2 protein chains.
Amino acid sequence: MSEEDFARHNARMKRVAEARAKMQARRTLERGLLIVHTGPGKGKSSSAFGMAIRSLGWGMKVAILQYVKGKWETGERNFFEANPDLVTFEVMGEGFTWDTQDRARDIAAARAAWERSKAMILDPAFDFVILDELNIVLRDDTLPIAEIVDFLKDRPLTKHVCITGRNAKPELLELADLVTEFEEVKHPYRAGFKAQKGVEY
Amino acid sequence: MSEEDFARHNARMKRVAEARAKMQARRTLERGLLIVHTGPGKGKSSSAFGMAIRSLGWGMKVAILQYVKGKWETGERNFFEANPDLVTFEVMGEGFTWDTQDRARDIAAARAAWERSKAMILDPAFDFVILDELNIVLRDDTLPIAEIVDFLKDRPLTKHVCITGRNAKPELLELADLVTEFEEVKHPYRAGFKAQKGVEY
């Protein structure tokens with residue numbers, strides 16, 4: 001680029017900066033958000049863990065409850081259990097429903113996890129509560145969506161709540177403040193790769 | 001559900017489990033993946049930080065280089081700087097291009113960041129290298145995509161590399177093993193909310 005191009009670019013960037021400042025000045029609302037990560041793509045849970053890291057960087061207190069990871073060894077579990085002062089990390093499920101193959105046990109486990117979730121959300125000690133894979137349990141009607149949505153409507157607005165998992169129910173999307181759909185563009189499974197440590201679990 | 005429904009469900013789940021086991025047995029490849037997080041939705045960087053956490057849980061060594069966050073205070077920066085033993089965390093940019101308003105300075109900063117990125121990728125000490133917001137720099141042609149893709153083609157296959165940022169170049173998507181597109185379904189900005197600590201930064 002020539003000197004002149006550079007000058008033009010810099011002038012344009014100055015206008016972009018001004019427009020952004022104006023836009024940001026209009027954004028004044030602040031309260032805890034209800035966040036949903038859904039869709040078939042990879043990254044829904046890891047993005048929630050990343051927000052946990054960001055929150056810790058601001059001195060916030062974080063609770064993570066995993067609904068369906070069961071007794072699996074995962075990277076996040078190893079990490080948070082090895083660093084118990086960072087976040088309150090609990091795993092409630094017994095595995096995916098195709099692992100347990102027992103509907104009654106799934107329902108009981110999901111019910112216990114939901115009671116624990118409510119306690120976390122109501123506990124003033126926490127600023128950020130992550131309910132990992134709750135959407136799976138709702139999709140399968142292992143917990144009734146109406147009851148969950150009713151509780152979330154009346155949640156304390158002083159904290160963020162993030163719910164992950166594919167196939168989020170429309171009732172939940174309707175209530176949420178921030179929804180990201182994770183789209184799979186290319187997945188190494190299709191090329192014959194195994195699930196990779198650090199990436200998928 | 002009746003006893004009979006439960007039994008039917010359990011039998012179906014058994015078949016699902018068998019099909020999954022068969023599918024997984026066919027996935028035998030294992031090597032470092034080139035991962036791209038792109039799209040307009042929220043969560044691209046936080047998902048990369050979440051994979052860093054997972055990797056740490058498996059004893060892997062992680063390096064994170066941020067291209068455009070500049071001198072901003074962010075949650076991830078606060079966290080990783082307060083816990084320097086966890087990951088190698090470096091911030092190279094001077095802010096978004098509309099903050100610097102100086103094309104020549106942007107190019108010099110991006111070049112320095114890319115030289116550092118190559119060193120990280122070639123360093124056998126690291127198992128996972130995250131180049132946060134590199135896509136932004138490539139989109140603006142602040143670095144030449146051909147040079148970056150040529151280097152990545154010949155990268156060591158013993159480690160994962162994750163590149164984030166919207167508007168990923170087609171040449172990069174072509175080379176990548178795992179691509180997720182983050183779609184914005186609902187964003188609190190539009191409802192007048194400020195960017196929230198722990199969520200957006």
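## A walk through chain A and its partner

In chain A, residues 24 or more positions apart make up 78% of the contacts (heavy atoms within 4.5 Å) with a separation of 6 or more. Before you click further, note that this is a predicted model, in which local features need pLDDT of at least 70, side-chain atom pairs count only at pLDDT 80 or more, and totals for chains, interfaces and linings use all residues. Residues are numbered from 1 along each chain as its sequence is written, chains are lettered from A and ligands numbered from 1 in the order in which they are written, and side-chain values use heavy atoms, with hydrogens and water left out.

**Stop 1: all of chain A.** Switch to a cartoon view and follow the sequence: the pattern is α-β-α-β-α-β-α-α-β-α-α-β-α-β. That comes to eight helices and six strands, taken as DSSP runs numbered from the N terminus (helices H or I, at least four residues; strands E, at least two). The C-alpha trace spans about 70 × 45 × 35 Å along its principal axes. Of the 201 residues of chain A, 55% count as buried, meaning under 20% relative accessible area with a 1.4 Å probe, protein chains only.

**Stop 2: A:Gly41.** Next, pick A:Gly41, in the loop between β1 (34-38) and α2 (44-57) of chain A. At 1% relative accessibility, A:Gly41 counts as buried. Which residues does A:Gly41 contact, leaving aside neighbours within four places in sequence? They are A:Phe182, A:Glu183, A:Glu184 and, from the other chain, B:Thr180.

**Stop 3: helix α3 of chain B.** Finally, select residues 75-82 of chain B, where B:Gly75, B:Glu76, B:Arg77, B:Phe79 and B:Phe80 are buried. Their cover includes α2 (44-57), β2 (62-66) and β3 (88-91) of chain B, together with α2 of chain A.

Methods
Buried < 20%, exposed > 50% of the residue type's maximum accessible area, 1.4 Å probe, protein only.
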